[in-house]
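Please read the following report alongside the sequence and the coordinates.

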Amino acid sequence: MPESSTSARLAVRKTYKLYVGGKFPRSESGRTYLVDGDNVALASRKDARDAVLAARAAQPKWAGATAYNRGQVLYRIAEMVEARRAEFASLGVPAAEVDAAIDRWVWYAGWSDKIAQVAGNANPVAGPFFNISAPEPTGVVGVIAPSSLLGLVSVIAPAVVTGNTVVVVASNPQAAITLAEVLATSDVPGGVVNILTGKAAEIAPWLASHDDVNALDLSGVDDPELATELERAAAGTLKRVLRPTSGVDYTDDPGTAAMTALLEIKTVWHPKGF
Amino acid sequence: MTATATSRLSGLPDSPADLRTFLHGLPGVDKVGIEARAAALGTRSVKTSSKAQAIDLAIRMVDLTTLEGADTPGKVRALSAKALRPDPADPTCPPVAAVCVYPAMVPTAAAVLAGSGVHLASVATAFPSGQAPLEVKLADTRDAVAGGADEIDMVISRGAFLAGDYGKVFDEIVAVKEAAGPAHLKVILETGELGTYDNVRRASWLAMLAGAHFIKTSTGKVDVNATLPVTLVMLEAVRDFRERYGRQVGVKPAGGIRTTKDAIKYLVMINETCGDDWLHPDWFRFGASSLLNDLLMQRTKLTTGHYAGPDYFTLD
C-alpha cells in the first residue's frame, strides 16, 4: 500500500511566470514557450506596458527611500541568493558564478550610500552661493539583459541601487525567474524590478519607443541591427541609451560607470551670506 | 399610478402617498443578474478604428471636473483651456463636453469658455452633502446660473430619501429646476449612499418624474462612486422612462472612472442597453478629471504607434 501510493505520485512541474509589480502573473497573451523542457511565459508588448506602469508606480518611493535602506535591501538579496545555491546549480549555473553574483550584490549594496559623494560635488563658484551637484536616479530603465546570471545581476544592481526601477527582458528565463523569486522574498518593494521572459526582438522595440521609459540598457542585445533599430526608436523620446561597444567580461571589476550612467546630475544654487 | 406619474410630469401636484405607491410599485432589481450583466458587457474587446472612435466619443463626453477646496482661479482657467483643446499637440482632438466647477469659480471658467460650445456645469444645492435649508440651495443655484453656468448639478437630500420622504425630495428638485431657469438640470442621486439597487431605481424615476434632464450617480466625495451595475440600473430607468413618457433623459456616471478601458465599458453598456440614441454627449457624460489624460494617452498611442507617458500631458 505505501509503495503503490508512492509510485502513483505525480510530479509537480513548475511554470516559470513573469515577475511584474511584485507578483508572478502569466503573460496577458496566454502564450508560453518551452525552454529545456520547462514551460515559460512568453511576454507580449502589453506585459511590457504593464511592467512599465508597475515600475513607474514604484519609482518615487524607491528613490525616496534612504540610501542606507536601499543598501540593506540589496544586501538582503545577496543573503537570499546564498540560500538558493542548490536551485541555481540545478539550472546549470556554475557555483563560481553564483558566488560572483552574490558578491556583486554585496558590492553594489555597499555603494548605495557612497555614490552620491563620488558622483556629486560641492562646486566652487564665483558668487555668494553654495553650489551643489547631486546625482539623482534617471527613472524607469528598460534593460535587455545578458544571458548569464552574473550578467543579469550586473545590469540590474547598478540601476536599482541608486533609486531607478527596471523592466528587464531576460534571455535566460529559468535563472532570471529564480532570481525574481529571490527578489520577491528580499524586501524589494513590488515594481522595483520587473522581469519579462520572451523574445527581446518582440518586446524591446516597445520599451525603446515608450514615452514613460527614461533609459535603455542594451547590454544583452547581440544583433547589431536590432541594437541600431532600438537606439533609433529611443531617440524619439531622448532616452539615455547604454550600448556596450564590445564584449563585456562580467567577472571584471565593474567600476562605477554602470551606476553613474543611470544618474542625472542636479545642480542647486543656494544663496548664502546675506 | 400612470395617472399619478403623468400628472406629475405635467407639473400638477399630487399626494406624496401616490408617489410612494408608484416608486414602490417599480419592479425590484435582480442584484445578481444586474451585476453579472454589467460584468459580461465589460468583457467586450474594442480595437483599432472602433477604439479610436470610442476614445474620441468618450473625450467629447467628459465633464472635466475640479471640485476641491484648493481650487484657485488659475487652476480653473488652466482646466478650462484644457477643455477647449485637450491635446495641444493634435488639433484633431475634439473638445470635452463641459467643465464642472464650484459656483464660486463659475465666472472664472465662463470667461474662458464663452462662445466655445463647451458647456459650463456647476454643482449647487450645498454640494456634496445637500444638508442645507431649501432657501440656501436655491440661492446657490441662482448664483451659479447668474455667473454663467448652463448646467446645474444638484444633489438630492439622501437623508429625506432614505427616510421615505419622497415628496420632499421631489419638491426640492422641482424648486431647483425652477431656480435654474434655462440651465440644464443634472440630479445627483449619490448612489453610494442609497444602499440598494432598488433605491437607485426609485431615485432615478423620482428625479425623472420631477423633471431632471440628466441623472448622475455620484458626487465623487464618498467611498463608493460610479460602478457599472449602478449605471446599468440607471440606463434601464432612462430607457423605460422614455418608452413610457416619451421624454429622453441623460445619464452621467461620476467618480472612480479613471481609465480608457473603464470608459469603453460604459459605452458598450449604453449601446447594449439604450441603443445609440444615448451615445451622444447630449445624453451621456463622464464626470471625471484623471480620465481625460488616460484617454489622451491612449489616443496618442493609436496615432503615433508607441506607448505614451504621463510626462507629456498636463497635471490637473
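The sections below take up the contact between the chains, then helix packing and individual residues in each chain.

## The contact between the chains

The structure is a predicted model. Six residues from chain A and seven residues from chain B make up the contact between them. On the side of chain B that touches chain A, four of the residues are nonpolar, two are polar and one is charged.

## A helix pair in chain A

In chain A, helix 9 (residues 200–209) packs against helix 10 (residues 224–235) with the axes 7 Å apart and at an angle of about 25°. Because angles under 35 degrees count as roughly parallel, helix 9 of chain A and helix 10 of chain A are described as roughly parallel to each other. The crossing of these two helices of chain A is right-handed.

From helix 9 of chain A, the residues A:Ala201, A:Ala204, A:Pro205, A:Ala208 and A:Ser209 take part, and they meet A:Leu226, A:Glu229, A:Leu230, A:Ala233 and A:Ala234 of helix 10 of chain A. Sorted by class, this contact of helix 9 with helix 10 in chain A comprises eight nonpolar residues, one polar residue and one charged residue.

## Loop residues of chain A

A:Val188 sits in the loop between helix 8 (173–184) and strand 8 of chain A, and it is buried, with 22 other C-beta atoms within 10 Å. Leaving aside residues up to four places away in sequence, A:Val188 touches A:Val73, A:Ile77, A:Leu183 and A:Val193. The C-alpha atoms of A:Val188 and A:Arg70 are separated by 8.6 Å, although these residues are 118 residues apart along the chain. A:Lys199, in the loop between strand 8 (193–197) and helix 9 of chain A, counts as partly exposed, with 14 C-beta neighbours inside 10 Å.

A:Asp36 belongs to the loop between strand 2 (32–35) and strand 3 (38–41) of chain A and counts as exposed, with 9 C-beta neighbours inside 10 Å. A:Leu238 belongs to the loop between helix 10 and strand 10 (240–242) of chain A and is exposed, with 8 other C-beta atoms within 10 Å.

## Helix packing in chain B

Helix 4 (residues 48–60) of chain B and helix 13 (residues 290–304) of chain B cross at roughly 150°, and their axes come within 10 Å. Helix 4 of chain B is therefore roughly antiparallel to helix 13 of chain B, and the crossing is left-handed. B:Lys51, B:Ala52, B:Ile55, B:Ala58 and B:Ile59 of helix 4 meet B:Leu292, B:Leu295, B:Gln298, B:Arg299 and B:Leu302 of helix 13; by class, this contact has seven nonpolar, one polar and two charged residues.

Just after helix 9 of chain B, B:Gly181 adopts a positive phi of about 55°.

Elsewhere in chain B, the peptide bond between B:Phe127 and B:Pro128 is cis, with omega about 0°. B:Pro128 is placed in the loop between strand 3 (119–124) and helix 7 of chain B.

Conventions:
Residues numbered from 1 in each chain as written. Chains lettered and ligands numbered in written order. Predicted model: local features only at pLDDT ≥ 70, side-chain atom pairs only at ≥ 80, totals over all residues. Contact = placed C-beta atoms within 7 Å. Nonpolar A, V, L, I, M, F, W, Y, C, P; charged D, E, K, R; others polar. Axes fitted to C-alpha atoms, helices over the stretch in contact; angles between N-to-C directions. Helix = DSSP H or I, 4+ residues; strand = E, 2+ residues; numbered from the N terminus. Parallel < 35°, antiparallel > 145°, perpendicular 65-115°, else oblique. Left-handed = near helix turned anticlockwise from the far one by under 90°. Buried ≥ 20, exposed ≤ 12 C-beta atoms within 10 Å, placed from the backbone.
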